[in-house]
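I am opening a notebook on this structure. The entries below follow the order in which I looked things up.

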Amino acid sequence: MAEPLAFTFKDDGAIPNSRLPLLVYRDAVPADAAAIESLFAANRWPPAWRNGVYPFHHFHSTAHEVLGVARGEVSVLFGGPGGAVLTVKAGDVVVVPAGVGHCNRGQSDDLLIVGAYPDNGPGPDLRRGVAEEHDEVVRAIGAVGMPAADPVAGLDGDLPTLWA
């Protein structure tokens, strides 16, 4: 498997983003929700939901998140309004560090994503980039632990090195 693409985004005063890079693994998993769930679970990212990406800017201050695209494709604006739109398709995986904003900017009718969070944390909250909450969420993001393994390749994956 090829090394993932890595992207970082600056704090915009409302969406804090992260010093850790967002990772995009292209063609990393089968285009099958059950297979993606099994892989994530085996690598200590228990599957939490099947759905899509919300069409508003949001982030999680208490957990990292992984998105496995099981079907279709979606264009997501990562990093808040000043970030970058990335299109991901069936078989791609995106690891979103705590604090990194994401917003659906268009999807195919058949989109299905498997979402998961590492098994060593409290789980996600949902934040919308309220400027008055900025300092609070920055503190929460700083307290999020590192995942025990890469969601795609486990202990031998790129995430521990890229997030060191």
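I began with the sheet of three strands, which is open, antiparallel and ordered β6-β5-β8. Strands here are DSSP runs of E with at least two residues, helices are runs of H or I with at least four, and both are numbered from the N terminus. Two strands count as paired if DSSP finds at least two bridges between them. I noted β6 (84-89) and β8 (102-107) at the edges; each has a single partner strand, so one side of each is left without a neighbour in the sheet. From one strand to the next the twist averages 30°. Axes for such angles are lines fitted to C-alpha atoms, for helices over the stretch in contact, and the angles run from 0 to 180 degrees between N-to-C directions.

I then followed strand β5 (residues 73-78), which six bridges join to β6 in an antiparallel run. Phe 78 has Ala 84 in β6 as its bridge partner.

A note on what I am reading: this is a predicted model, in which local features need pLDDT of at least 70 and side-chain atom pairs count only at pLDDT 80 or more, while totals for chains, interfaces and linings use all residues. Residues are numbered from 1 along each chain as its sequence is written, and side-chain values use heavy atoms, with hydrogens and water left out.

Next entry: the sheet of six strands. I read its order as β1-β2-β7-β4-β9-β3, open and with antiparallel pairing. The edge places belong to β1 (5-9) and β3 (47-51), each with a single partner strand, so one side of each has no neighbour in the sheet. The twist averages 20° from one strand to the next.

Strand β4 (residues 65-71) pairs with strand β7 (residues 93-96) in the antiparallel sense over four bridges. Within that pairing, Val 66 has Val 95 as its bridge partner, and Gly 68 stands opposite Val 93. With β9, strand β4 pairs in the antiparallel sense over five bridges. There Val 66 stands opposite Ala 116.

How many residues of β4 are buried? I found six of the seven, so β4 is largely enclosed by the rest of the structure. Buried means under 20% relative accessible area, exposed means over 50%, and partly exposed lies in between, with a 1.4 Å probe and protein chains only.

I turned to the helices. Helix α1 (residues 33-42) lies across β3, β4, β7 and β9 (112-116), and runs at about 155° to β4. Ala 33, Ile 36 and Phe 40 are buried in α1. Seen down the axis of α1, its buried residues fall within an arc of 65°, so they line one face of the helix. The arc is that of the directions from the helix axis to the C-beta atoms. These buried residues of α1 pack against β3, β4, β7 and β9, where contact means heavy atoms within 4.5 Å.

Helix α2 (residues 134-142) has His 134, Val 137 and Ile 141 buried. Down the axis of α2 the buried residues fall within an arc of 70°, so they too line one face. Asp 135, Arg 139 and Gly 142 are exposed on the other side of α2. As a reminder to myself, an α-helix has 3.6 residues a turn, so residues three or four places apart point the same way.

I also checked backbone angles. Most residues other than glycine have a negative phi. Asn 17, in the loop between β1 and β2 (18-25), has a positive phi near 60°. Arg 44, in the loop between α1 and β3, has a positive phi of about 70°. Is each one buried or exposed? Asn 17 is buried, at a relative accessible area of 3%, whereas Arg 44 is partly exposed at 41%.

Leu 155 sits in the loop between α2 and α3 (159-162) and is exposed, with a relative accessible area of 71%. Leu 155 touches Ala 148 and Ala 149, leaving aside residues up to four places away in sequence.

Last entry: the largest pocket. It is lined by 14 residues, and Trp 49, Gly 52, Tyr 54, His 58 and Glu 65 lie nearest its centre. A pocket is an open set of points on a 1 Å grid over the protein atoms alone, where a 1.4 Å probe fits, with protein on both sides within 12 Å along at least five of seven lines; lining residues have an atom within 4 Å of a point. I noted that β3 and β4 each supply at least two residues of the lining.
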